[in-house]
Amino acid sequence: MAENPSDNTNDEMTGRVSADAASSGSALPGNDAFGDFSGTPVEGFDFMTAEDDGGASGDGVGAGESGGAGDAGEAAPVSRRHRRRMSPQHIRRIKRRRRRKRILIGLGVLLLILVALSAWFGVSAMKTKNELQQAVASASGMQETLLGGDSAKLNAQVSEFSGHVNNAYRQTSSVLWAVAARVPYIGDDITAVRTAVTAMENISSQGLPALTNAIGALGDVTVQNGTVSMPGMTQAAEGLKQADTVIDHANQSVVAAPTPHIQQIAEAMSKAKEYLATVDTTVHNASVFAQIAPSMFSTDGQSRTYLILAQTNSEIRPSGGLPGSWGTMTVTGGKVEMHEFVADTDVTPTWFDQPVIDLTAEERSLFTDKLGRVAQDVNFTPDFPRTGQIASAMWKTRFGTQVDGVIAIDPVFLQNMLAVTGGVTLSDGTVIDGTNTAKFLLSDVYAQKSEDEQDAFFSEAASLAFQHIMDKADDPKAFLKAAVASIEQGHILMWSANADEQKLLEETVISGRLATEASDPQVGVYFSDITQSKMDWYLKREVTSEFDKVAANGANQYTVHIKLTNMMTADQVASTPQYVLGSQLEGIANGQIKTAAFVYAPAGGRLVDWTMSDGSQFDGITVHDGLTLGVKTFLLSPGESYEITVHVQSAPGVQAPIIVRQTPQIEGRTEGK
């Protein structure tokens with residue numbers, strides 16, 4: 001049989017390989033170790049078989065190279081190894097690995113970017129917070145400066161405030177802040193901060209310039225020798241009105257901003273809201289004053305007559321106290337002239353047979369028709385505009401004089417003003433001043449004067465003190481500051497018979513009106529004496545409120561706590577005049593105080609629930625001018641306290657916080673400490 005040439009070749013190759021192996025001293029592994037090298041690559045080592053386009057094998061030996069050094073001129077045979085085709089599954093695995101690698105790299109880069117942006121945003125947020133805090137701090141004294149009319153100081157405060165606000169605005173107006181505002185959860189916090197900063201920027205760029213231009217007119221107000229002068233006030237009114245509009249809109253936008261989740265931001269927003277609310281109120285009151293003061297003080301040379309009600313807080317009424325002395329004040333060309341005061345018993349020596357004006361069914365039910373028939377009961381209602389209408393009609397019916405307005409004052413107002421003007425000496429030599437007026441007129445006088453002397457004494461004290469205040473107001477800034485404090489505390493109230501002026505007055509606290517608009521949530525807590533005594537000098541009153549929660553209907557809910565304490569001691573009962581202790585009506589012993597409390601819910605809101613310290617309920621729930629209220633009467637012996645806790649809700653969707661209006665306190669005596 002002929003030999004197969006390939007067999008000879010294989011034998012020669014095997015022999016050469018064996019010889020080479022032997023010469024190198026290594027053993028040749030069997031085929032079971034490396035597999036068959038006849039052209040089929042071993043799976044897992046395919047990198048050894050890859051060929052380039054030039055035909056070079058994976059071991060780097062070229063096709064033209066000799067397979068051995070001793071075979072000159074004869075080309076050694078070359079074994080070519082071919083790559084096995086990979087399966088689709090294997091290809092997919094490779095692609096998945098590559099894709100995962102690219103994704104991981106991308107996520108890493110994104111994470112680095114996010115970390116960098118977060119760090120940058122954190123720094124920006126901290127800068128913004130600091131600028132806001134400094135802006136609020138720099139503006140904290142603006143209210144006092146505004147009232148004092150110090151233009152130079154106000155300009156410096158405005159400049160500092162604007163600088164901080166502008167810095168904060170640059171931070172929050174960036175694209176990053178706009179994007180962050182869309183992030184879930186923290187987006188509300190970012191939006192709240194941006195809203196506050198934008199509001200302050202509007203105040204800085206639009207409101208404060210108008211305010212600084214008008215401030216000089218307030219500083220020019222003077223009261224000398226009983227004459228009020230206010231040059232330039234009419235011109236200043238327009239600037240104040242513009243500033244009022246800008247600041248009011250800014251305040252409303254901040255109130256409507258989302259509630260922040262992060263505590264630090266929530267605290268900063270709370271301070272910003274508090275600041276804006278204060279500035280808003282101050283500027284609005286100044287704006288109203290500038291608009292109506294020239295006409296009310298008759299600076300145009302015309303004459304006006306105002307009825308003055310001097311209230312006695314030791315026998316409390318919702319607006320302050322029993323109106324024991326009535327008198328008139330005439331203003332002509334700014335010149336103030338006081339006329340004789342008379343006792344309330346002279347206004348109605350006998351009660352009117354019918355109310356002097358028509359009373360509503362609600363008024364008759366709550367306050368009886370004595371509201372319109374008896375002079376000392378005209379302020380049974382907490383709505384002072386109604387008191388002004390009734391008192392004006394009563395004065396005209398009794399004395400035939402039509403007044404242009406009604407002003408209510410009390411001994412605390414007189415004391416505040418006498419602290420500025422100095423004391424006044426009464427006909428019996430008594431000096432009342434900025435330290436003793438309230439105590440003397442609300443307590444001491446009853447031990448020093450007989451009942452027959454008291455009415456004349458009160459009338460003289462009210463008339464002389466008021467005239468003294470108008471004659472001796474040599475420091476207009478201090479005078480204005482004391483007047484504003486009295487207005488804010490409720491110790492002076494005013495009603496105008498002029499409809500346009502009254503409309504403006506009702507936008508301020510001096511009007512003493514019931515707030516009947518849902519957008520102006522006001523809780524009312526008012527008291528009225530039932531003892532028919534002067535015991536309320538000893539009645540300590542504490543009224544507090546705090547936010548509770550957002551109810552299911554979207555309304556803000558608050559907790560209002562009321563506590564009253566009879567501060568009289570057993571020893572004082574024994575030494576106190578009977579006139580002060582009262583006439584001992586049925587069921588009331590000496591030293592006891594019987595009081596009626598009226599708790600009003602905000603307009604559009606409601607009284608949710610309530611708890612009395614004795615476990616009882618409201619005597620009744622009713623409605624007055626569209627407002628829901630609860631009425632409760634209670635009797636306190638010396639040393640006893642009575643507490644009422646009420647949950648109230650404002651109208652659903654109203655974000656403005658509630659304002660608690662209450663019967664004026666006797667500061668330093670009856671307010672809770």
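The model is predicted, so local features need pLDDT of at least 70 and side-chain atom pairs count only at pLDDT 80 or more, while totals for chains, interfaces and linings use all residues. Residues are numbered from 1 along each chain as its sequence is written, and side-chain values use heavy atoms, with hydrogens and water left out.

Take α9 to begin with. This helix (a DSSP run of H or I, at least four residues, numbered from the N terminus) covers residues 263–296. Its 34 residues reach 48 Å from first C-alpha to last, close to the 50 Å expected (1.5 Å times one less than the number of residues). There is a bend of about 35° at Ala-290, with Pro-294 following within four residues; the bend is the angle between axes fitted to the seven residues ending there and the seven starting there. After α9 comes Ser-298, with a positive phi near 50°.

Helix α13, residues 411–421, is mostly covered, with 8 of its 11 residues buried (under 20% relative accessible area, 1.4 Å probe, protein chains only). Among them are Phe-413, Leu-414 and Met-417. At its start, a side-chain oxygen of Asp-410 comes to within 3.0 Å of the backbone nitrogen of Val-412. Gly-422 follows α13, and its phi is positive, near 95°.

As for nonpolar cores (buried Ala, Val, Leu, Ile, Met, Phe, Trp, Tyr and Cys residues joined through side-chain atoms within 4.5 Å), the largest has 124 residues, of which Phe-161, Tyr-275, Met-329 and Ile-562 touch the most other members. A second, separate core of 32 residues includes Trp-326 and Phe-598.

Conventions. Helices (H or I, at least four residues) and strands (E, at least two) are DSSP runs, numbered from the N terminus. Buried means under 20% relative accessible area, exposed over 50%, partly exposed in between (1.4 Å probe, protein chains only). A polar contact is a pair of N or O atoms within 3.5 Å; within protein, one must be able to donate a hydrogen and the other to accept it, and residues adjacent in sequence count only if both atoms are side-chain atoms.
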